[in-house]
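Student: I have not looked at this structure before. Could we go through it by question and answer?

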Amino acid sequence: MAQKLIVEGNDAIALATLCKLRGLKSPIGYESQDDFRQSFVSSGGGYKKAIDLLKIALNNSDLDNIGIIVDANDAGAEARWQAIRKILAEKFSAETLSHADKQPGPKVIQEDFLPVVGVWIMPDNKGTGYLEHFLAGLVPPDNALWAHAQTVLDDLQQKSFNEINPPKAGKARLHTWLAWKKDPGKPFGQALASKYFNINTPEVDAFLDWFGRTFKLGE
């Protein structure tokens, strides 16, 4: 049994940490960290390369389960889904994909004699945004430092020397908040492990449910 998770950037470490913290079992065959990082995960280093990796994975007869996680970015989740759907249409039937179109939220596509394919579009499979927006939703809403980071960014965006475009403001806020923590600048995975985020949320529940339906996990 072979399985593959394709990610756009460096999402896998953070998301693997999230799964582990919530007690989700590892994908079967990839229980060790080395196997998970080197064999289970493929990082595209960008959206277009992640899409190319999906095409390769779909043509790999050894793969039983394939998951892909990409950012909606400014294009939006629907545009991303339609682009991925076009690739899946080379393998899956129109009926199967029509059923997937009707699935609210993330997609899990199944058809006899084909791999299970899961599609998650960050942050929420609905609008625009990035992994950072997903993680931002896990910051406790009453966190004073989080609120202050927003105040500072709002002020910065009024300055002539501001370099942050509005679509990237969410990324800037999260990285600013992490830079101001007691141990500044922790990567997302380490920040999750340090309990900076509230991981017991409906958003995390939805992601774990999708992950568990996409891949075969250990007992």
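Student: Which residues of β5 point one way, and which point the other way?
Tutor: The model is a predicted one. In a regular strand, side chains alternate between the two faces of the sheet. In β5, V117, V119 and I121 point to one side and are buried. The other way point V116, G118, W120 and M122, also buried.

Student: How many of the residues of β5 are buried?
Tutor: Buried means under 20% relative accessible area. By that cut-off β5 is mostly covered. The count of buried residues in β5 is seven of seven.

Student: In what order do the strands of the open sheet lie?
Tutor: Five strands make up this open sheet, and their pairing is mixed. Its edge strands, β2 (41-43) and β4 (107-109), each pair on one side only. From one strand to the next the twist averages 15°. The order is β2-β1-β3-β5-β4.

Student: Do β3 and β5 pair in the parallel or the antiparallel sense, and over how many bridges?
Tutor: Strands of a sheet pair through backbone hydrogen bonds, in either sense. Between these two strands, D71 stands opposite M122 in β5. The sense of β3 and β5 is parallel, and the number of bridges is seven.

Student: What residue stands opposite V117 in β5?
Tutor: β4 and β5 pair in the antiparallel sense, over three bridges. Their hairpin has six residues between the strands, and there F113 takes a positive phi near 70°. Opposite V117 stands I109.

Student: Which residue in β3 does I6 stand opposite?
Tutor: Strand β1 (residues 2-7) runs parallel to strand β3 (residues 63-71), and six bridges join them. The residue opposite I6 is I68.

Student: At about what angle does helix α1 run to β3?
Tutor: Helix α1 covers residues 11-21. It lies across β1, β2, β3 and β5 (116-122). The angle to β3 is about 110°.

Student: Is T17 buried or exposed?
Tutor: T17 is found in helix α1. Leaving out residues up to four places away in sequence, T17 touches G189, L192 and A193. Its relative accessible area is 17%, so T17 is buried.

Student: How do α1 and α10 lie to each other, roughly parallel or roughly perpendicular?
Tutor: Two packed helices are described by the angle between their axes and the distance between the axes. For α1 and helix α10 (residues 202-214) the angle is about 95° and the axes are 11 Å apart. Angles of 65 to 115 degrees count as roughly perpendicular. Therefore α1 and α10 are roughly perpendicular.

Student: How many nonpolar residues are in the contact of α1 with α10?
Tutor: From α1 come L15, L18 and C19, which meet V204, F207, L208 and F211 in α10. The contact has no polar and no charged residues. Its count of nonpolar residues is seven.

Student: Why is the pair of F40 and F215 edge-to-face?
Tutor: A search of the whole structure finds 15 aromatic pairs. The ring centres of F40 and F215 are 5.0 Å apart. Planes over 60 degrees apart count as edge-to-face. The planes here stand at 70°, so the pair is edge-to-face.

Student: How many residues apart in sequence are W177 and Y196?
Tutor: W177 and Y196 form an edge-to-face pair, 6.3 Å centre to centre with 80° between the planes. W177 lies in helix α8 (residues 169-179), and Y196 in the loop between α9 (188-193) and α10. The separation is 19 residues.

Terms used. Residues are numbered from 1 along each chain as its sequence is written. Side-chain values use heavy atoms; hydrogens and water are left out. Two strands pair if DSSP finds at least two bridges between them. Helices (H or I, at least four residues) and strands (E, at least two) are DSSP runs, numbered from the N terminus. Axes are lines fitted to C-alpha atoms, for helices over the stretch in contact, and angles run from 0 to 180 degrees between N-to-C directions. Contact means heavy atoms within 4.5 Å. Buried means under 20% relative accessible area, exposed over 50%, partly exposed in between (1.4 Å probe, protein chains only). Angles under 35 degrees count as roughly parallel, over 145 as roughly antiparallel, 65 to 115 as roughly perpendicular and the rest as oblique. Ala, Val, Leu, Ile, Met, Phe, Trp, Tyr, Cys and Pro count as nonpolar, Asp, Glu, Lys and Arg as charged, and the others, Gly among them, as polar. Rings of Phe, Tyr and Trp (its six-membered ring) pair if their centres lie within 6.5 Å; planes under 30 degrees apart count as stacked, over 60 as edge-to-face and the rest as tilted.
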